[in-house]
Amino acid sequence: AATGLAEKSVLVRGLPAATISTDGHSDRGAPGGSLTVIDYADPALLLQLINQAYFVFCRSGYSTVMDLILLGKKGIYIPTPGQTEQEYLAGHLMEQQWGFSFSQQASDYRSLLKYAEQYDYRLPPVEKENLAQKLATLTGLNDF
């Protein structure tokens, strides 16, 4: 496939609603429509997509990490370059085995994705009420 994606994939771009087409969806990339691009997903659609996903590729922002762990989803975190808190959190998630992480500047995404598929994820059992406290304690991010 032109995108290198063998599985059905959805890319949510997060563009403001004013810039999207009528339905906000388009098929791009690989023949057969294996990649669907959504310019904007409201919270209900985003939750539906995350719940259906086997992996979620995303930035390693604190609230995103909390959401994925609460939902019990395997996150593949790519920190925003220069965002030291995201870089720190992504590294700590790898140490805890709560998620897989690699740099945006990585040269071989395919190998990293194969490794991510076999990675030993150990998502913590948490409940909404204690998620922030558990993350702060285990990651040492009490100051954020």
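In this predicted model, strands E4 and E5 (residues 74–77) pair in the parallel sense over 4 bridges. Valine 56 faces glycine 75 in E5. Phenylalanine 57 lies opposite isoleucine 76, also in E5.

The pair belongs to an open sheet of 3 strands. The order is E4-E5-E6, and the pairing is parallel. Strand E4 (55–58) and strand E6 (99–101) each have a single partner strand, so they form the edges, with one side of each left without a neighbour in the sheet. On average, neighbouring strands of this sheet are turned by 20° against each other, direction ignored.

Now the packing. In soluble globular proteins, nonpolar side chains tend to be buried together. Here the largest nonpolar core has 13 residues. Those that touch the most other members are Val56, Cys58, Val65, Leu68, Ile69, Tyr77 and Leu93. E4, H2 and helix H3 (84–96) are the elements that give two or more residues to this core.

Setting aside neighbours within four places in sequence, cysteine 58 is in contact with Thr64, Leu68, Ile76, Tyr77 and Ile78.

Terms used:
Residues numbered from 1 in each chain as written. Predicted model: local features only at pLDDT ≥ 70, side-chain atom pairs only at ≥ 80, totals over all residues. Heavy atoms only, no water. Pairing = 2+ DSSP bridges. Axes fitted to C-alpha atoms, helices over the stretch in contact; angles between N-to-C directions. Core = buried A, V, L, I, M, F, W, Y, C linked by side-chain atoms within 4.5 Å. Buried < 20%, exposed > 50% of the residue type's maximum accessible area, 1.4 Å probe, protein only. Contact = heavy atoms within 4.5 Å.
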